[in-house]
Amino acid sequence: MADVHERETVRALLDAVRASGRTALTAPEGKIIADLYGIATPGEALAADVDEAVAYADRFGGPVVLKIVSPDILHKTDAGGVIVGLHTASDVRDAFHRIVANARAYAPDARIEGVQVQQMLPPGQEVIVGAVTDPTFGKVVAFGLGGVLVEVLKDVTFRLAPVTADEAESMLDSIKAAEILRGVRGAPPVDRWALAEQIRRVSQLVADFPDIAEVDLNPVIATPEGALAADIRVILSEGAPAQRPRFSREEILSSMTRLMKPRAVAVIGASNEEGKIGNSVMRNLVDGGFAGDIHPVNPKAHDILGLKAYPSVLDIPGEVDVAVFAIPAQHVPRALEEVGRKKIPAAVLIPSGFAETGDQELQDRVVAIAREHGVRVLGPNIYGYYSTWHDLCATFCTPYDVKGPVALTSQSGGIGMAILGFSRTTQTGVSAIVGLGNKSDVDEDDLLTYFGEDDNTQCIAMHLEDLKDGRAFVEAAREVVKKKPIVVLKAGRTSAGAKAAGSHTGALAGDDKVYDDILRQAGVIRAPGLKDMLEYARALPVLPTPQGNNVVIITGAGGSGVLLSDACVDNGLTLMEIPPDLDAAFMRYIPPFGAAGNPIDITGGEPPATYEATIRLGLEDPRVHALILGYWHTIVTPPMVFAELTARVVAEARAKGIHKPVVASLAGDTEVEQASAYLFRRGVVAYPYDTEQPVAALGAKYRWARAAGLLL
């Protein structure tokens with residue numbers, strides 16, 4: 001990659017372009033940068049007149065392309081400034097004059113520096129490689145097939161820049177038309193290494209120079225012998241992006257620990273009047289069993305719910321870890337000043353009336369006060385938060401007392417209520433439920449960093465509408481995913497696009513596609529909907545980590561087996577090819593009209609012993625890594641009988657040290673609901689009336705295991 005001298009050369013060139021009042025580099029300037037960064041391009045030269053053009057074409061010794069060079073003409077093709085396939089000196093002379101005339105007609109005042117003479121590229125697969133500045137993630141690199149596939153079908157993939165060599169090569173397989181690069185219908189495969197290198201080098205260029213807004217190699221011609229960029233377009237940013245304050249890992253862990261495990265909480269706006277938020281927060285702290293000190297703050301009250309009230313947080317003796325605000329928005333700045341002077345490290349702003357209603361100025365004022373005093377702010381516009389293992393319910397909702405391994409966050413209050421209701425209905429054990437609201441300060445990367453180190457949290461699920469700092473989120477996620485799964489529901493799939501769209505790459509960059517690819521790059525499991533996010537969060541801590549890719553389906557109904565097989569394909573799971581000895585072992589328990597293979601169809605009329613024997617065989621054979629069970633309600637094996645025998649066989653296997661993920665789909669009358677709940681509580685992820693959800697949960701576990709480096 002470019003050394004110090006080469007980077008200094010690029011820096012001087014970019015500074016000179018900006019000093020000239022331009023943000024777009026000319027083709028010869030782009031060629032200089034390409035050469036310095038090892039971005040492969042064909043031979044070319046800048047001709048000031050027609051005789052030079054003829055001489056250069058003769059030197060290249062083959063067909064050439066002529067392109068207008070003007071700092072005022074960004075899109076050369078639109079100006080009639082590109083002519084290809086020129087073989088003779090006469091062709092070159094004629095093309096030179098036509099290009100210059102077209103350019104003058106297109107933009108009469110444009111400065112014309114000359115005509116670029118470029119070697120004609122050999123036939124090959126046309127692709128696009130580029131980089132763009134995404135408003136959420138910063139520099140991202142893009143790759144897609146050229147022509148109609150990228151322009152119309154948007155068959156393009158993105159990664160956070162810079163990428164490693166492996167990440168660059170993974171992009172070649174991440175587009176829908178990846179097979180074309182491997183060679184189809186007799187065509188040879190392209191040089192994958194050369195193409196991946198073009199991606200990697202572009203990504204390094206934009207990472208080294210943040211003021212480069214976009215880079216566009218379009219097209220790149222990929223052949224079995226290499227990959228050459230026919231054109232490189234470089235666009236500089238209009239101005240420096242606003243920098244979000246960053247905190248060190250140690251600072252985040254310190255402040256989030258004080259927030260989630262406080263010893264003393266002040267409630268600003270505490271009230272004795274039922275129906276007020278300040279009363280609900282106080283009651284929930286008391287009724288929820290919080291063992292720390294609770295300090296109500298209300299200048300008009302002597303005591304609230306039997307606890308001494310204080311006129312101001314400044315009057316509270318001793319240290320306070322968290323101040324919960326339950327006062328109108330307009331009074332928050334003054335109270336926050338007092339919180340800062342008291343050196344309370346965390347403020348939880350429940351009230352609305354800030355940026356979400358259009359009052360960005362008030363929110364900015366609050367943030368400025370908090371930063372001045374070193375206060376971390378959760379909210380505003382939230383329902384509060386739960387820290388269940390600390391018996392802390394700092395919300396206006398009712399306390400939640402089922403302690404468990406799942407941490408849940410939501411940007412929306414309404415979604416937060418859905419999370420709470422789902423958790424109660426399913427008895428999901430949670431370590432925390434946190435509202436983020438406007439995310440004026442504390443956001444997902446802060447909480448990820450904390451939950452990643454929290455011993456009570458095994459799985460993190462987050463609903464988000466946006467990310468304030470996508471790069472910080474990815475950095476935190478990459479560390480956490482090594483230890484525990486992260487599930488994200490990203491709302492808003494519309495494509496707002498990148499702000500700058502002066503290149504093909506910029507025009508192709510849509511918010512949701514960028515989110516989708518980069519969340520996957522970070523190892524995050526993206527849930528397609530709210531129910532999926534909640535079900536993944538509930539199931540993932542229950543399922544053991546798979547030790548291999550071989551999945552076996554055992555079903556009592558052929559139809560369920562087909563649907564379960566389809567779901568496996570949809571979720572990237574590998575159905576095991578059953579070896580002959582294992583096939584014969586299964587057949588010993590299956591009636592002659594049943595079917596071994598995979599799915600293993602034991603038929604619906606079989607007694608409990610058949611289910612028990614086949615499930616035990618699947619668990620005990622080390623070549624099988626995960627089981628999917630398809631149960632069909634019959635009189636011979638009623639739902640609860642199936643549930644009890646399955647739970648027992650799984651428990652016996654785990655007592656022997658066999659820990660394999662087992663999921664189940666139960667088809668039948670309403671009794672299968674009780675049977676499914678029974679299984680779920682005993683470590684088998686089971687769903688009634690559903691062949692998709694159990695397999696999706698297993699697929700999510702596999703995706704995490706691969707992202708964590710636990711499976712190939």
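**Rings, burial and a helix**

Visitor: Why does phenylalanine 642 count as buried?
Guide: In this predicted model, phenylalanine 642 has a relative accessibility of 1%, and since buried means under 20%, phenylalanine 642 counts as buried.

Visitor: How many aromatic pairs does the structure hold, and why is the one formed by tyrosine 450 and phenylalanine 451 called edge-to-face?
Guide: The structure holds 7 aromatic pairs. In the one formed by tyrosine 450 and phenylalanine 451, the planes stand at 65° and the centres are 5.5 Å apart; because centres within 6.5 Å make a pair and planes over 60 degrees apart count as edge-to-face, this pair is given that name.

Visitor: How do you know whether tyrosine 450 and phenylalanine 451 are buried or exposed?
Guide: Tyrosine 450 has a relative accessibility of 5% and phenylalanine 451 a relative accessible area of 0%; with the limit for buried set at under 20%, tyrosine 450 counts as buried, and phenylalanine 451 is buried as well.

Visitor: Why is the pair of tyrosine 631 and phenylalanine 642 called stacked?
Guide: Their ring centres are 4.5 Å apart and their planes meet at 20°, and because planes under 30 degrees apart count as stacked, the pair is stacked. Tyrosine 631 belongs to strand 28 (residues 626–632) and phenylalanine 642 to helix 22 (residues 639–655), so the pair ties together parts that are 11 residues apart in sequence.

Visitor: Which residues do ring pairs link into a cluster?
Guide: The cluster consists of Tyr611, Tyr631 and Phe642, linked by ring pairs.

Visitor: How do you know that the span of helix 13 agrees with what it should be?
Guide: Helix 13 (residues 413–426) has 14 residues, which at 1.5 Å a residue should span 20 Å, and its end C-alpha atoms are 20 Å apart, so the two agree.

Visitor: Which residues of helix 13 are buried, and how do you know that they line one face?
Guide: The buried residues of helix 13 are Gly416, Ile419, Leu420, Phe422 and Ser423. Viewed down the axis of helix 13, they fall within an arc of 165°, so they line one face of the helix, whereas Gly414 and Thr425, on the other side of helix 13, are exposed.

Key. Residues numbered from 1 in each chain as written. Predicted model: local features only at pLDDT ≥ 70, side-chain atom pairs only at ≥ 80, totals over all residues. Heavy atoms only, no water. Helix = DSSP H or I, 4+ residues; strand = E, 2+ residues; numbered from the N terminus. Expected span 1.5 Å × (residues − 1). Buried < 20%, exposed > 50% of the residue type's maximum accessible area, 1.4 Å probe, protein only. Arc of directions from axis to C-beta. Phe/Tyr/Trp six-rings, centres within 6.5 Å; stacked < 30°, edge-to-face > 60°.
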